[in-house]
Amino acid sequence: MKIIILGAGQVGGTLAENLAGERNDITVIDIDGERLRELGDRLDIGTVQGMGCYPWVLKDAGAEDADMLIAVTNSDEVNMVACQVAYTLFRTPTKIARIRTAYYTARADKLFNENAIPIDVIISPEQVVTDYIKRLIEHPGALQVVNFAGGRVQLVAVRAYYGGPLVGNELRELRKHMPNVDTRVAAIFRRNRPIIPEGNTVIEADDEVFFIAAKNDIRAVMSELRRLEHNYKRVLIAGGGNIGYRLAKSIQHRYNVKLIERSPQRAEWLGEKLDHTVVLQGLGTDRDELLKANIENTDVFCALTNDDEANIMASLLAKRLGARKVMTLIANPAYVDLVQGHDIDIAISPQQSTIGSLLTHVRRGDVVNVYSLRRGAAEAIEAIAHGDAKSSKVVGRAIEDIDLPEGTTIGAIVRGEKVLIAHDDLVIEPDDHVILFLIDKRRTRDVEKLFQVGFTFF
């Protein structure tokens, strides 16, 4: 595919890196020439310096025959105008824009269509990250939780604890422990190295285990791998920006929520908008402020300001003062692996959350969900099987007979309302939603080819 990316920031740069490695023709536009040179030296991509919404800049980037425009600059307005220009002058088939301002997204159905502003897909990073954190709060002890098939199936990552029922036992014991629950371990990461799970694979303490199951069975499976944590009740949020506000609004009716916001004006606004949240004006890095908010009785502390260092310091302080679990928003990818797993339980990268949403619309074949896992090292894909035994490489075949790329496992199949955990003899039918796990993201293109329907395959 020929893809133009507007914006060479964290999201645009990470997206270019993902797509350039999959043999796509990528051109990145940005006003920052130094950032473009750095990307161009590292990746096999084209670069154009200039304002991405100007017609001549888009033309220089190859908009006349581009398949897709992805506008992820820091300006909603530039992103919107660029999509309008690409549609009007160049008839670019697919236009994706990052729109952050809620005033725009609240009227998305009226604003964004061919008769108004022609954007095919809107990505709202704040909403993506909010949903991600909310799922982690709903699943105490999980490192990552992603939804498939409208939430009927979930892929969950947990760290196996010493003393857990399954630790020290082979995976095939899982079925004996839970005869009434069907699940599949999709991958294991041990000391940051991936392991393709077999029946005789032995779970070790500190293994990062990715398993897939129907939503209602997730908690039962987690109990086999680690000490089951009590449901959270009290949540303290530091930072009342877009993410902090959205998170508080979405969970305040189920949890006891408090929010600390530095700006007096913003704190006053939040107090008016959040009717079931206690809003405190102060700093999340202020020890006295945290104690005033009863940090020692807090189940989850979420540091969600737009300052990485402030988030890290607030989280370390909150943990020291007695918070059970701390989650930290970190924009700088270099920090994420440094801090997660010590005093900070979960480091959340907004770029990786957003990249998954973007990749969903770039993948070939009928791919409906893509999730970037382990900070981009692995990927989970939900693809729909089409065709028949003659035109498809998967339909009409048992899972054991499908020529899956190395390092790829099928975790589950959703057929209508039924969730079928993958077993070797399960035959894939047309319109099945197939959920795959890739420990090597470089194999993504091979997986896409599996789900592309041809006239005939020999």
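**A first stop: Asn294**

Asn294 is partly exposed, with a relative accessible area of 33%. Keep in mind as you browse that this is a predicted model. Asn294 lies in the loop between helix H12 (287-292) and strand E15 (300-303), and its phi is near 60°, a positive value in a residue other than glycine. Most residues other than glycine have a negative phi.

**Another positive phi, and its loop**

- Arg91 is also worth a look: its phi is positive, about 50°, although Arg91 is not a glycine.
- You'll find Arg91 in the loop between H4 and E5, where it is exposed, with a relative accessible area of 52%.
- Thr92 has its place in the loop between helix H4 (76-90) and strand E5 (94-98), but Thr92 is buried, at a relative accessible area of 3%.
- What does Thr92 touch, leaving aside residues up to four places away in sequence? The list is Ala63, Ala66, Asp67, Met68, Leu69, Ala86 and Tyr87.

- Val81 sits in helix H4 and counts as partly exposed, at 40% relative accessibility.
- Val81 and Ala97 are 16 residues apart along the chain, and their C-alpha atoms are separated by 9.9 Å.
- Asn180 belongs to the loop between helix H8 (173-177) and strand E9 (183-190).
- Is Asn180 buried or exposed? With a relative accessible area of 75%, Asn180 is exposed.
- From Asn180 to Asp217 there are 37 residues in sequence and 9.6 Å in space, taken C-alpha to C-alpha.

**Helix H1 meets helix H15**

- The axes of helix H1 (residues 10-20) and helix H15 (residues 350-360) come within 10 Å and cross at roughly 55°.
- As for handedness, the crossing of H1 and H15 is right-handed.
- On the H1 side, Gln10, Val11, Thr14, Leu15, Asn18 and Leu19 take part; their partners in H15 are Gln351, Gln352, Thr354, Ile355, Leu358 and Leu359.
- Sorted by type, the residues of this contact come out as six nonpolar, six polar and no charged.
- A handy rule for reading such lists: an α-helix has 3.6 residues a turn, so residues three or four places apart point the same way.

**How covered is H15?**

- H15 is mostly covered: eleven of its eleven residues are buried.
- Among the buried residues of H15 are Pro350, Ser353, Gly356, Ser357 and Thr360.

- Strand E20 (residues 408-415) and E21 run antiparallel and are joined by four bridges.
- Which residue in E21 does Arg415 stand opposite? Arg415 faces Lys418 there.

Notes: Residues numbered from 1 in each chain as written. Predicted model: local features only at pLDDT ≥ 70, side-chain atom pairs only at ≥ 80, totals over all residues. Heavy atoms only, no water. Axes fitted to C-alpha atoms, helices over the stretch in contact; angles between N-to-C directions. Helix = DSSP H or I, 4+ residues; strand = E, 2+ residues; numbered from the N terminus. Left-handed = near helix turned anticlockwise from the far one by under 90°. Contact = heavy atoms within 4.5 Å. Nonpolar A, V, L, I, M, F, W, Y, C, P; charged D, E, K, R; others polar. Buried < 20%, exposed > 50% of the residue type's maximum accessible area, 1.4 Å probe, protein only. Pairing = 2+ DSSP bridges.
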